[in-house]
Structure formats: structure tokens, C-alpha cells
Amino acid sequence: MAHEAEDKAREESAKASQKTKETAADADKKASEASSKASGKAKESSEYASEKADELSKDASNKYDKAKKTAARNYRDGKEEAKEKGNELSRNRDNPVVVGNALVIGIGSVALGFVGYQKYAKGELSWEVAGITAAAVSAFAVGDYYLSQYLFREKFPKK
């Protein structure tokens with residue numbers, strides 16, 4: 001009987017050992033499958049991220065090139081316009097309206113600066129004084145513009 005119990009224990013031990021080996025093999029197989037699946041998903045995600053990065057990089061590069069071309073075109077246009085206006089001013093430098101406006105701007109700027117500094121030094125310069133002065137300069141500028149346009153049309157045409 002002891003012998004039978006021993007044989008039975010060995011048999012149960014062998015079955016348990018076999019079951020453990022099968023379970024371990026099954027767990028190993030499932031772990032391997034899960035690892036492969038996770039590796040595949042990681043690879044897909046990596047490829048997707050790489051594609052998106054390339055897409056965004058190309059888009060940014062295209063936008064940069066477009067902005068660069070636009071800036072170059074605007075620079076050329078501005079340069080041409082400035083040159084054209086400079087030539088117009090040069091052609092009309094002996095026109096009395098242009099000379100008068102240049103003198104008025106120069107003398108007015110000096111006078112505003114001088115009076116403004118005197119008011120500042122005396123402590124009388126305030127936002128009210130600055131606002132009234134700005135309004136007066138604006139009104140004068142509007143009047144000068146219309147007078148200049150009239151004189152260019154009627155008395156001293158541009159060249």
C-alpha cells in the first residue's frame with residue numbers, strides 16, 4: 001500500500017509537472033504572440049508618425065518658400081515704387097509747391113520741437129497740450145494737402 005501510494009504520488013507529480021510544462025509553453029506562446037502584436041503596432045505607429053512628420057516638414061517647407069517668394073516680390077515692388085517716387089520728387093524739385101512744402105515741414109518740425117521742449121522744461125507739457133497740438137498739426141496738414149493739390153492742378157503742374 002505504501003508502494004501504491006508512492007506510485008500514485010509519482011504519477012500525480014508527473015501529471016502536475018506535465019501540466020506545468022504545458023501551461024508554461026502556452027504562456028510562452030501567448031507572450032510571444034502578444035510581443036509580436038505589440039511590436040507590429042509599435043512599428044505601425046512609428047511609420048505613421050514618420051509619415052506625418054515628413055508631411056508636416058514638406059508643408060512647412062512649401063509655406064516657407066511661398067513666403068520667401070512673396071517677400072522678395074514685395075521688396076522688389078517697394079523698391080521700384082520708392083525709386084519711382086524719388087525720381088518724381090527729383091523731377092519736381094524746382095516746383096514752388098514742392099519747395100514750399102519742404103520748407104513748411106522743416107520749419108514746422110523745428111518750431112514744434114523747440115516749443116515742445118520749452119513746455120517740457122517748464123513742466124507745462126501735458127496730454128491736453130499734446131492733443132491740441134496734434135489736432136492743430138492734423139488740420140494744417142489737411143489744408144496743406146488740398147492747397148497743394150489745387151496748386152499742382154491750376155498753377156504749377158507736376159512734371
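Student: Let's start with Pro 96; where is its place in this predicted model?

Tutor: Pro 96 sits in helix α2, which covers residues 96-122.

Student: Why is Pro 96 called partly exposed?

Tutor: Its relative accessibility is 43%. Buried means under 20% and exposed means over 50%, with partly exposed in between, so Pro 96 counts as partly exposed.

Student: Good. What makes Lys 63 and Asp 59 a salt bridge?

Tutor: The N to O distance between their side chains is 3.6 Å. The cut-off is within 4 Å for a Lys nitrogen and an Asp carboxyl oxygen, so this pair qualifies.

Student: How do you know that Lys 63 and Asp 59 are separated by about one helical turn?

Tutor: Both belong to helix α1 and they are four residues apart, which means about one turn.

Student: Why is Lys 63 called exposed, and Asp 59 partly exposed?

Tutor: Lys 63 has 54% relative accessibility, so it counts as exposed, the mark being over 50%. Asp 59 has 37%, so it is partly exposed.

Student: Which residues gather in a patch of negative charge on the surface?

Tutor: Glu 44, Glu 47, Glu 51 and Asp 54 do. Glu 47 is in helix α1, and its 42% relative accessibility makes it partly exposed.

Terms used. Residues numbered from 1 in each chain as written. Predicted model: local features only at pLDDT ≥ 70, side-chain atom pairs only at ≥ 80, totals over all residues. Heavy atoms only, no water. Patch = residues over 30% accessible without salt bridge, like charges linked within 9 Å, V, L, I, M, F, W, Y side chains within 5 Å. Areas by Shrake-Rupley, 256 points an atom, 1.4 Å probe, with all protein chains shown as cover. Lys, Arg positive; Asp, Glu negative; His and termini not counted. Charge placed at Lys NZ, Arg CZ, Asp CG, Glu CD. Helix = DSSP H or I, 4+ residues; strand = E, 2+ residues; numbered from the N terminus. Buried < 20%, exposed > 50% of the residue type's maximum accessible area, 1.4 Å probe, protein only.
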